[in-house]
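Please open the structure in your viewer and keep the selection tool at hand. The tour below moves from one selection to the next and states what is found at each stop.

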Amino acid sequence: MVGPAHAGKVALLLDRYLASIERDPWLIVPNRADVERVERELVGRNGGLLAGTIGTFDTLFELLARGDGDGRRVIGDVERAVLLRRVTDRAGVPGARFAGLGDAVGRALSELDGALLDWHDVPGSLADVARAYRSELDRLGAWDRALLRRRAIERLTGDLDAWGDSPVLAYGFEDLTGAEWRLLEALSARTDVHVSIPYEPGRAVYDSLRRTVDDLASLAGDAVVELPPRAGEYLPPALAHVERALFGGARTDVPLDGSIRWLEGAGTRATLELVAEEALALIRAGTPPEEIALVCPSVEAVRLALDTAFQALGVPVAFESRRSLRATPFGHALLSLLRFAWQGGERPELYAHLRSPYAGIPRKDVDWIEGRLRGRGVTAGERAAEVTAELRDGRSLPPLELALSDGEPLAIVHALADAMLRNAYGTSAPPVGSRARADLRAHDAVTRALDELASLAGSGEPAGRGDVLGALDRVSIRGEGTATPGKVAVLDLMRARTRRFDVVFVLGLEQGALPRRPRVEPFLGDDERRELDERRGARLVRPDPASRDRYLFATACSRPRRRLVLVRQAVGDEGSPREASPFWEAVRELFDDDDVRRHTVRRPLSALTSELEAAPTERERLRALAIAAAEAPAEATALARANGWDRRLARATRAFARPTNITHERALRLLSRESYSVSELERMASCSSAWFVERYLRPATIDKEIDRMLRGSILHAALQRFYLKLPSAIPGADRVTAENVEAAVALMRDCVVDAVETGLRIEAGDLGRRELEQGLQRDLEQLVRDEATSTSPFVPRHLEVSFRSFELEPGVVVSGKIDRVDGDPMGARGIVVDYKSGAASSAAEIRDRDLLQLPLYMLVLRHQLGLEPVGGVYVPVGGGRRPRGLLRAGPDAVQGYSSRDYLEPETFDEAVDGARATAVGLVERIRAGDLRHDPQGGECPHWCDLWRMCRKDRP
């Protein structure tokens, strides 16, 4: 029976099934999810079923294979994956250590077995793997699904008692493997076989089905029933036209009248929000949620973003695809603990388990302990477990103890999975709710996988820790059932073929997403498939992927009864345009351009909210109202007053105009200190908001690591050690010269090692320690060599000069630390040296940007050390950059620096005095609580990430 969608093929097939019920018929459906649905439909049509069987091809194969009572145990997917992994390891297949290779080998063997080929039919390493795998199955006395199918075909073709008079009816498939073809061929010689398949001769949309239809037609002879198109009887005119004209029809004058819509969004989240809003509107208009379907090329690719977008609007969804165990909370917690215990994982893996509800440890205790570990930089696995136990007053971690115990791996994981459920839900009441159901499904999947591995162990192949972890990493969990009441269905193109809904959304209509890129198989290329087809009739040549996706898309477009919604991303998440899929264009070309534009909804990147009238929820309405207030404040205020949103709107509109001055008495007392560091005053001069956030709010990451601050501290310590030891290590040396530079470099290396040893107070690990030490060695060696070429006559005199109470004027006291002071060997002059990890600032930049360190340090030099300042320089560490700074010009000027940094004595003194006045003014502003959005130059620098807290407008 052939014909297009809505021609009545399946209805006719079910009528024939019921008509032959006395002969105990067999009905083959696409998958197990369809079995229950078809049973309900038949019971509804006939009032009851007292005979007949409904199942999949696999169900029928198993019945035939075991019909004589002589069968073997059939291994499961987990056992098969473990066996294939071992076989590829032993065979020495290149890349066997990679998990993906076993999956590729498994797919290739499945296709060969489905084509009823043996290992000697294929060349190369795949034949060796196939032969070894078959030998393993024989040794274990087991079958896999492929051998079971072979056994079924052998019985059907060689045993007269294998099948009686029961007719066989089948629908919902497009391709036939070699085994399925042989099954139908053998059955057709014994009984009536009725097959329903969508097909119309000459239509491009069915090109991928031509071989299957031709082969079945050769079996049927004259018994081919061609049903005429009837879509117009059941569908709105626009949908009926799509069914009849897609991929080959002409434009029509049929109006769209809402039965077809197009949604274009910018970015994944915005596009899915459009879909969620449309679905919510349909549900509010009376469409049951279970009558709405979202059809995707890949459910896993959009699962997280789609679930988030729909949850935000309160629309429940049911994913009808299988999900990886590792992507579930239960599986993630279990696998994280096993990787930590069995594979030498680090702190993140351990705490991924401990922070979950399955660990049985109070969350507040875990937060506190992890904070301590992260603050101390503890990452290594054994050390993380040791410190965790110490911080728990010696109490052990029961889950970790269990994972590290010496028992059998399968028993350990069984006990862990059971303990995780008990910890999460207790034992006094049954777990209820959607989260509990998801955890129970995950636990069931783990138990099934372990049972399969136990069966393998019982056959003489015990499972090690690597086998258990590899198996669990590939376990998948069944999705929610079909047509879950009260939930929107999310399913892929294949599962959508045999379903009907009132409304269908087809997602992923971007170039590259649909049609999908073909998957290249490493073991069975197109040439090998064609050769095996010609030589053995293996049915391995696959339809063109684009042709297959064209058929699946056309099928998805024929699933809705009332409305079809096509969805695509017009712009990617990063803002770059994305081309539309040719399938998207194929539907648009069937209708008038103006009509299509009227039925297309677009959301650009700039549309952060919905229109106020169309906002789907109160939260979205409030967001839209806040934006409207910027353009029409009077209307927005009136709307807010009418709906009781006055206070919320007032808070939103004041967000960027809120006064920032600090006025609270206790806060002002906190700011009014006796002394201020020179570095914080310099930061205050650059931006008072940034100063307040950095110095008082002090946001920081909890993880202690080798950052710029820690590196700078160790660098300063190494330099101090170097200059202290220089005179004694190199007798007679008071500075680095060309004559002693090599000895000075060796001394610096020793000082760096000592500084890292004493200054690195976190557990950074060997790699981090070596990276820090080698980086400092490189930079400080360059500094020493640069200093050897300096022409300045000044020599280091004072190191790490601290001052705590230098008074700029009465009541204004500053503090700080001068890295180094170089003095004139023959006089009382001095120069300030400050080390910088980045580029040094010139004299012009010091004056223009109110850089206070060098000028104020020079005042300290004069009044506390008794040296007349002739300048101050920033010395870059590493990179070979030149020192820059602020220097006094004149006949007694210190030489050896950039000519542009020398100022006339009057100008030099003005710069120093100006810095004093600036510092005094900044202290007065701090004590007055004067905080402003005042980045230097009027614009925030591109590297500043504090704008989220200071609320500074940015372009």
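Begin by selecting Arg303 and Phe319: Arg303 lies over the face of Phe319, at 4.6 Å from the ring centre. Please bear in mind throughout that this is a predicted model.

**The whole chain**

Along its principal axes, the C-alpha trace spans about 120 × 75 × 60 Å. The chain has a radius of gyration of 38 Å, whereas a compact globule of 955 residues would have one near 30 Å. Of the 955 residues, 49% are buried. The accessible surface of the chain comes to about 45,500 Å², and carbon and sulfur atoms account for 50% of that area. Consider also the contacts between residues at least 6 apart in sequence: 73% of these join residues at least 24 apart.

**Helix H1**

Select residues 9-19, which form helix H1. Which residues of H1 are buried? They are Lys9, Leu13, Leu14, Tyr17 and Leu18. Display the surroundings of these side chains, and several elements come into view. The buried residues of H1 pack against helix H2 (32-46) and against five strands: E1 (2-3), E2 (26-28), E3 (53-55), E6 (168-171) and E7 (193-198).

Move to strand E15, residues 560-571. Strand E8 (260-266) pairs with E15 in the parallel sense, over seven bridges. Select Val506 to find its bridge partner in E15, Leu566.

**Thr271**

Remain in this region and select Thr271, which is found in helix H12 (residues 268-284). Is Thr271 buried or exposed? Its relative accessible area is 5%, so Thr271 counts as buried, the limit being under 20%. Leaving aside neighbours within four places in sequence, Thr271 is in contact with Gly265, Ala266, Val567, Arg568 and Gln569.

**Aromatic pairs**

The last stops concern aromatic rings. How many aromatic pairs does a search of the whole structure find? The search finds 13. Select Phe247 and Phe553: their ring centres are 6.2 Å apart and their planes stand at 65°, so this pair is edge-to-face. Phe247 lies in the loop between helix H11 (237-245) and strand E8, while Phe553 lies in helix H23 (residues 545-557). The pair thus links distant parts of the chain, 306 residues apart. Phe553 is buried, with a relative accessible area of 0%.

Then select Phe803 and Tyr857, which also form an edge-to-face pair, with 5.9 Å from centre to centre and 80° between the planes. Phe803 belongs to strand E18 (residues 795-809) and Tyr857 to helix H36 (residues 853-863), so the pair ties together parts that are 54 residues apart in sequence. Both Phe803 and Tyr857 are buried.

Finally, select Phe57, Phe61 and Phe173, which form one aromatic cluster.

Definitions and conventions. Residues are numbered from 1 along each chain as its sequence is written. This is a predicted model: local features need pLDDT of at least 70, side-chain atom pairs count only at pLDDT 80 or more; totals for chains, interfaces and linings use all residues. Side-chain values use heavy atoms; hydrogens and water are left out. Buried means under 20% relative accessible area, exposed over 50%, partly exposed in between (1.4 Å probe, protein chains only). Helices (H or I, at least four residues) and strands (E, at least two) are DSSP runs, numbered from the N terminus. Contact means heavy atoms within 4.5 Å. Rings of Phe, Tyr and Trp (its six-membered ring) pair if their centres lie within 6.5 Å; planes under 30 degrees apart count as stacked, over 60 as edge-to-face and the rest as tilted. A charge sits over a ring if NZ of Lys or CZ of Arg is within 6 Å of the ring centre and within 35 degrees of the ring normal. Two strands pair if DSSP finds at least two bridges between them. The radius of gyration is taken over C-alpha atoms; the globule rule is 2.2 Å times the number of residues to the power 0.38. Accessible areas come from the Shrake-Rupley method with a 1.4 Å probe; for residues, only the protein chains shown count as cover.
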